[in-house]
Amino acid sequence: MAETVNHPAHYGGDTTYEVIKVLEAWGLDQSFCLGNTIKYIARAGKKVTEISDREKIEDLKKAAWYLNREIVKIEAIHKQGLEIQQQNKRNLKVGKRGTWT
């Protein structure tokens, strides 16, 4: 019987290239969205069923969804950081004698 819990074949089986091992080696096991992106790309087309093409497309769409979510999150953090920098610049003004006011 095929292993379906610990080392399923569609995630690379118990090899060096098993998805969880790759994610850990790359330090992506702490990022849910990036980890799922890699997972769904790695398993796309690996499940052998009668509807494998549809499942491959579905896995790739899931990967794109998670990747887009990570991009939106990073952009929001970057935007927030820029807004804080601008706020700090407005709050710091130099007086006539070179002292902070």
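I take a residue as buried under 20% relative accessible area, as exposed over 50% and as partly exposed in between, with a 1.4 Å probe and protein chains only. Helices are DSSP runs of H or I with at least four residues, numbered from the N terminus.

The model is predicted, so I kept local features at pLDDT of at least 70 and side-chain atom pairs at pLDDT 80 or more, while totals for chains, interfaces and linings use all residues. Residues are numbered from 1 along each chain as its sequence is written, and side-chain values use heavy atoms, without hydrogens and water.

**Entry 1: helix α1**

I looked up which residues of helix α1 (residues 19–26) are buried, and found Val19, Val22 and Leu23. Viewed down the axis of α1, these residues fall within an arc of 100° (taken from the directions from the helix axis to the C-beta atoms), so they line one face of the helix. An α-helix has 3.6 residues a turn, so residues three or four places apart point the same way. I then asked what the buried residues of α1 pack against. Their partner is α2, with contact meaning heavy atoms within 4.5 Å. After α1 comes Gly27, with a positive phi near 75°.

**Entry 2: aromatic pairs**

Rings of Phe, Tyr and Trp (its six-membered ring) pair if their centres lie within 6.5 Å; planes under 30 degrees apart are stacked, over 60 edge-to-face, and the rest tilted.

One of the pairs joins Phe32 and Tyr66 edge-to-face, at 5.8 Å centre to centre and 75° between the planes. Phe32 belongs to helix α2 (residues 32–43) and Tyr66 to helix α3 (residues 52–91), so this pair ties together parts that are 34 residues apart in sequence. I noted that Phe32 is exposed at 61% relative accessible area, whereas Tyr66 is buried at 16%.

Tyr66 also pairs edge-to-face with Trp65, at 4.9 Å centre to centre and 90° between the planes. Trp65 is partly exposed, at 48% relative accessibility. I recorded Phe32, Tyr40, Trp65 and Tyr66 as one aromatic cluster.

**Entry 3: charged side chains**

I found Lys39 over the face of Tyr40, 4.5 Å from the ring centre. The criterion is NZ of Lys or CZ of Arg within 6 Å of the ring centre and within 35 degrees of the ring normal.

The Arg43 side chain makes a polar contact with that of Asp59 at 3.1 Å. Such a contact is a pair of N or O atoms within 3.5 Å; within protein, one must be able to donate a hydrogen and the other to accept it, and residues adjacent in sequence count only if both atoms are side-chain atoms.

Note on methods. Helices (H or I, at least four residues) and strands (E, at least two) are DSSP runs, numbered from the N terminus.
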